[in-house]
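Subject: Structure handover

Dear colleague,

Below is the structure I said I would pass on. My notes on it follow.

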Amino acid sequence: MNVDSIQNGLVIDHIAAGHGMTLYNLLGLDSIDVSVALIKNVASRKLGRKDIIKIDADIPVNIDIIGFADPGATVNYIRDGKLVEKRTIDMPETLKNVIRCKNPRCITSCEQELDQLFRLTDRERKIYRCVYCETRWNG
Ligand code: ZN
């Protein structure tokens with residue numbers, strides 16, 4: 001695909017350099033059957049270096065995941081080859097089924113049907129805690 005000419009889809013821009021692959025995996029882009037380009041270490045006036053992900057398909061993307069993985073990222077929505085919306089993404093207050101609690105004694109470890117819920121408890125330091133057991137998520 002020509003990465004510069006997406007017709008319908010989205011471009012995730014201003015991803016901190018090196019975070020593109022993490023975001024790519026968190027969004028599950030490896031397992032969907034659409035054209036995706038991950039461009040690494042692009043020169044950026046704002047960031048020095050940045051990563052960009054281009055998705056050449058009109059698929060729903062979980063904005064919360066982007067805000068969690070990289071709060072500085074922007075998402076550009078492309079329709080008919082034109083930029084129709086540009087969104088700056090902030091850290092979501094809650095995360096549902098994005099990350100898993102690692103506490104083996106957490107109720108979500110034994111009751112698999114429960115949603116994995118995390119709450120942002122410290123925006124400055126980007127700390128998310130499990131809603132059930134308060135365990136801090138740390139990568
Ligand atoms: Zn937990």
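A salt bridge here is a side-chain nitrogen of Lys or Arg within 4 Å of a carboxyl oxygen of Asp or Glu. By that criterion Lys96 forms a salt bridge with Asp115, the closest N and O atoms being 3.7 Å apart. Lys96 belongs to strand E6 and Asp115 to the loop between H3 and E7, so this contact ties together parts that are 19 residues apart in sequence. Asp115 counts as partly exposed, at 29% relative accessibility. Please keep in mind throughout that this is a predicted model.

Overall layout

The protein has 139 residues, of which 39% count as buried. Its C-alpha trace spans about 50 × 30 × 25 Å along the principal axes. There are 3 helices and 9 strands, and along the sequence they follow the pattern β-α-β-β-α-β-β-β-α-β-β-β.

The zinc site

Which residues coordinate the zinc ion? The ligands are Cys101, Cys106, Cys130 and Cys133, each through its SG atom, at 2.2 to 2.3 Å. The angles subtended by the 4 donor atoms run from 101 to 113°, which makes the arrangement tetrahedral; the criterion for that term is that all angles lie between 85 and 135 degrees. Along the chain the donors have the spacing C-x4-C-x23-C-x2-C. Within this set, Cys101 and Cys130 link distant parts of the chain, being 29 residues apart. Cys101 sits in the loop between strand E6 (94-96) and helix H3 (107-110), whereas Cys130 is in strand E8 (residues 127-130). Cys101 and Cys130 are both buried.

The sheet around E8

Strand E8 also takes part in an open sheet of 4 strands, in the order E6-E7-E8-E9 and with antiparallel pairing. E6 and E9 are the edge strands, each pairing on one side only. Inside the sheet, strand E7 (residues 117-122) and E8 run antiparallel and are joined by 4 bridges. Strands of a sheet pair through backbone hydrogen bonds.

Is Tyr132 buried or partly exposed? Its relative accessible area is 32%, so Tyr132 is partly exposed. Together with Ile107 and Val131, Tyr132 forms a nonpolar patch on the surface, and the three residues have about 210 Å² of accessible area together.

The E4-E5 hairpin

Strand E4 (residues 74-79) pairs with E5 in the antiparallel sense, over 6 bridges. Thr74 stands opposite Thr88 in E5. The two strands form a hairpin with 2 residues between them, and Asp80 in the turn has a positive phi of about 50°. How many of the 7 residues of strand E5 (residues 82-88) are buried? The count is 0, and the strand is hardly covered.

Other salt bridges

The structure holds 6 salt bridges. One of them brings together the side chains of Arg79 and Asp58, at 3.3 Å from N to O. Arg79 is in strand E4 and Asp58 in the loop between strand E3 (48-55) and helix H2 (63-69), so the contact ties together parts that are 21 residues apart in sequence. Arg79 has 29% relative accessibility and therefore counts as partly exposed. Asp58 counts as exposed, at 52%.

Another salt bridge joins the side chains of Arg123 and Asp90, at 3.2 Å from N to O. The loop between E7 and E8 holds Arg123 and the loop between E5 and E6 holds Asp90, so this pair ties together parts that are 33 residues apart in sequence. Relative accessibility is 35% for Arg123, which counts as partly exposed, and 53% for Asp90, which counts as exposed. The pair belongs to a network of salt bridges that links Asp90, Glu93 and Arg123.

In brief, the points to look at are the zinc ion with its four cysteine donors, the sheet E6-E7-E8-E9, the hairpin of E4 and E5 and the network of Asp90, Glu93 and Arg123.

Best regards

Conventions:
Residues are numbered from 1 along each chain as its sequence is written. This is a predicted model: local features need pLDDT of at least 70, side-chain atom pairs count only at pLDDT 80 or more; totals for chains, interfaces and linings use all residues. Side-chain values use heavy atoms; hydrogens and water are left out. Donors are N, O and S atoms within 2.8 Å of the metal (3.2 Å for Na, K and Ca); water is not among the atoms, so sites may look incomplete. Four donors count as tetrahedral if all angles lie between 85 and 135 degrees; four count as square planar and six as octahedral if opposite donors are over 155 degrees apart and all others between 65 and 115; anything else is irregular. Buried means under 20% relative accessible area, exposed over 50%, partly exposed in between (1.4 Å probe, protein chains only). Two strands pair if DSSP finds at least two bridges between them. Patches are made of residues with over 30% relative accessible area and no salt bridge: like charges are joined within 9 Å, nonpolar side chains (Val, Leu, Ile, Met, Phe, Trp, Tyr) within 5 Å. Accessible areas come from the Shrake-Rupley method with a 1.4 Å probe; for residues, only the protein chains shown count as cover.
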